Structures are given as C-alpha cells and as structure tokens.
Amino acid sequence: MSDDELEIVDWAYFERSRAELGPGFIRILSYFREDGAKSVSQIEEAMRDQNATALVIPAHTIKGEARQFGAEPLAKIAELIEQTARICVETHRFPDELVPEVVELRRLFARTVGLFDQATNPLLTRGP
C-alpha cells in the first residue's frame, strides 16, 4: 500500500466500519459513491453560480459520509468548504477563495472512491 493510499484513507477505520455495518456495508458505500458524486457536482455548480448558500448542504453531506468510511482528508476539504460557505452566507459575500479546494475536492473524491473500489472488489487489485 502506498503512502498516498495511507494518507487518503484510514484503513483501520474503514475496516471497523465494514465490520460494524456488516452486510449493509456495500450498499451504504454505494450511497457514498452516488451521493458524493452528486454533491461534488452541486458544489461545482454553486461555485459557477456564485451561490454560497448552495455550497453548504452538499459539502456537509460529503463531510459526514467521508468520515463514516475513514476518508478524513476528503472530509476536511468538505468541512472547509462548508464552514467558509456558512460564514459567507452570514456576511453576504461569495467565497471565491474556495476555487482550489473545490478543484481538489473532485480529484480527492475520485481517488477515494477508486481506493474504496479496490478494497471492496478483489478483482480490481489482481493482475491478468
């Protein structure tokens, strides 16, 4: 396992969640994949529309779901987006400074989902 994989996912936490969720784990992980992709798209759309309010809920969703599976780096970026957006809603401004984080959110979400897929599908980790 590469250092990158160890930094993106806390595998001990991931395995603990898998054990606790039991047979429902794969289903819940699929919700993360679907909800997360939708949330990332909503965040990108909110940035294009300069709508700080529309950033809050999808960032909150990704944050909570990422933490459920041990993906703390993803959760931290989502949390920064959520908290910054909340402040901007209160101060009536748009958080243009979040553009790099929103770009990184998509990259990190894709990488995280890829690692989860490898961990849950042994055929993805085997050679020919």
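**Salt bridges and helix packing**

Glu97 and Arg93 pair through their side chains in a salt bridge, with an N to O distance of 2.8 Å. A salt bridge here is a side-chain nitrogen of Lys or Arg within 4 Å of a carboxyl oxygen of Asp or Glu. The model is predicted, so local features need pLDDT of at least 70 and side-chain atom pairs count only at pLDDT 80 or more, while totals for chains, interfaces and linings use all residues. Residues are numbered from 1 along each chain as its sequence is written, and side-chain values use heavy atoms, with hydrogens and water left out.

Glu97 is partly exposed, at 40% relative accessibility. Arg93 is also partly exposed, at 41%. Relative accessible area under 20% counts as buried, over 50% as exposed, and in between as partly exposed (1.4 Å probe, protein chains only).

The whole structure holds nine salt bridges. One of them joins Arg67 to Glu79, with the closest N and O atoms 3.0 Å apart. Arg67 belongs to helix H4 and Glu79 to helix H5, so this pair ties together parts that are twelve residues apart in sequence. Helices are DSSP runs (H or I, at least four residues), numbered from the N terminus. Arg67 is partly exposed at 27%, and Glu79 is partly exposed at 23%.

Within helix H6, Arg107 and Glu104 are three residues apart, about one turn of the helix. Their salt bridge brings N and O to 2.6 Å. Salt bridges that share partners also join Lys63, Glu82 and Arg86 into one network.

Lys63 lies in helix H4 (residues 53-68). This lysine is buried, at 14% relative accessibility. Beyond its neighbours within four places in sequence, Lys63 contacts Ala75, Ala78, Glu79 and Glu82. Contact means heavy atoms within 4.5 Å. Val56, in helix H4, is buried at 10%. With neighbours within four places set aside, Val56 touches Glu82, Ala85 and Arg86.

Helix H5 (residues 72-91) packs on helix H6 (residues 99-120) at about 155°, with axes 10 Å apart. Axes are lines fitted to C-alpha atoms over the stretch in contact, and angles run from 0 to 180 degrees between N-to-C directions. H5 and H6 are therefore roughly antiparallel, a term for angles over 145 degrees. The H5 residues in this contact include Leu74, Ile77 and Ile81, and those of H6 include Leu105, Leu108 and Phe109. The contact residues divide into ten nonpolar, one polar and two charged. Nonpolar covers Ala, Val, Leu, Ile, Met, Phe, Trp, Tyr, Cys and Pro; charged covers Asp, Glu, Lys and Arg; the others, Gly among them, are polar.

Notes:
Helix = DSSP H or I, 4+ residues; strand = E, 2+ residues; numbered from the N terminus. Parallel < 35°, antiparallel > 145°, perpendicular 65-115°, else oblique.
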